Amino acid sequence: MKYNSTRNKNAVVSASQAIAQGISEEGGLFVPQELPKYSLEEMNDLCRLDYRGRAKKIMGDFLSDFTQEEINESVDSAYTAEKFGSDNPSPISYIESGDKKMAVLELWHGPTCAFKDMALQILPHLLTKSVKKACSGKEAVILVATSGDTGKAALEGFKDVDGVRIMVFYPVDGVSPMQKRQMATQKGNNVSVMAIKGNFDDAQTGVKKIFTDSAVKAKLAEHNMLFSSANSINWGRLLPQIVYYFSAYCDMVNEGKITMGDGVNVVVPTGNFGNILASFYAMNMGLPVKKFICASNANNVLTDFIRTGTYDKQRTFYTTMSPSMDILVSSNLERLLYHLTDGNAEKVSEWMKALSTEGKYRVDEDVKAKLTQYFWGGFCDDENTQKTIRELYQEENYLCDTHTAVAVNVYEQYVSETGDKTPAILASTASPYKFAKSVLTAVTEEALPEDEFAMVDALSAATKTAVPAPLAALKEAEVRFTAECAVEEMPAAVLNGLGLEA
Ligand SMILES: *Cc1c(COP(=O)(O)O)cnc(C)c1O
């Protein structure tokens, strides 16, 4: 299977090149030229496998220049019971009452307590193998812009991996205290972390600029290094996410919740559009998804886009209690546009150019029609996020984090507006303990303790739930990274961090 760029159909690469390179030369994203298609019978076969078996089959169908042994080894090292708490890394909790029929797919049982682990525990294995195949002997330099969770998950996945260095940039005031602490205490000899004075979009734009900065790239080449990306623009990030939608569907079939072939809806709290796009790929491979419900927080650029067909990033940027969704430029939407235009790279390039020069673009009517056929968009502000956490806890005895609460709220809006009671797979993307302050204020009336770890303990005491071990361990961990820089200083920070002169 080959991949081409969303902005240039003639830029054709292998799977390993797509993963090693991260992004295409002209700034486009790599997309598979065709998709494997599964019949109901083949999906039944998947249902007889465990998570790792399902991952090996699905990923194997995409990574055609990998051997099956390489894929098996990657999957077996990534999804261990030791790292994810059990042999099923993404267990389901069912909430079924009244109009709600939710299969809450808990994607946060990995080492950093957010769904990013589902991809970032396996990406280092795929990436080191890809670099060996496609660019033998080079050292890969991973640059990450993070709104909080990607950074930590990438650091944890890539720490002490041979032949790789990783540098993470996060917005100084744009992450939760727990997220900041997770990154500042990161262990490993090949890692560095820097706060930038700006928001997530500044960090992401800064990283994208460095990727295409020819002076910086030349410096790296002199030292036998090359840039790669662990952000969700990398195909190696998206592919592992397709697996858990199939796996969830199979678990629901095996648990008697649905019958093979039944339709489901998918609800995803969305930021960069990676997670929800993975479910769209799954549908195009045969998974019977009827509607994709795209949930945003107050940064509701995607809600407006789905409803109007105009994407307009020129709006107030809100710092919310669901920081991993505080995004105005959703990178992976570009891949959806490519597929909805049947691979019209010229159109996609035009729109992406308009987005960067004019701050907005408008899709054609036929694309708009397809968009609303598949997707439903809604949003939820901070006040309703906390109300949803409280109600879900009081009525269903289910404690969820702020991002998941946005999805639950938007799903409720969807059901009351449309009356559609199709069973829904709802992606739960973080442990409530990652956002202890917001969750604690939602479920108790008591005065808050000052310190983040005291809040974690208070949340545990109030809800009689356990603090995830990796978060509990942070209390005693040594702080290693405290540096801050301006956006303009990012290229120099990268070169310095690599020990190369700016
Ligand atoms: C990254 C993240 C999201 C958004 O996922 P996208 O793939 O960027 O849309 C939602 N919730 C949490 C907790 C996250 O870390």
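A polar contact is a pair of N or O atoms within 3.5 Å; within protein, one atom must be able to donate a hydrogen and the other to accept it, and residues adjacent in sequence count only if both atoms are side-chain atoms. The model is predicted, with local features requiring pLDDT of at least 70 and side-chain atom pairs pLDDT 80 or more, whereas totals for chains, interfaces and linings use all residues. Residues are numbered from 1 along each chain as its sequence is written, and side-chain values use heavy atoms, without hydrogens and water.

A polar side-chain atom of Thr429 lies 2.8 Å from a nitrogen atom of the ligand. Of the 380 Å² of accessible area that the ligand has on its own, the protein covers 97% (Shrake-Rupley method, 1.4 Å probe).

Around the ligand are 15 residues, of which Lys116, Asp149, Gly271, Asn272 and Thr429 come nearest (a heavy atom within 4 Å makes a residue near). By class, this shell comprises five nonpolar, eight polar and two charged residues, with Gly counted among the polar ones.
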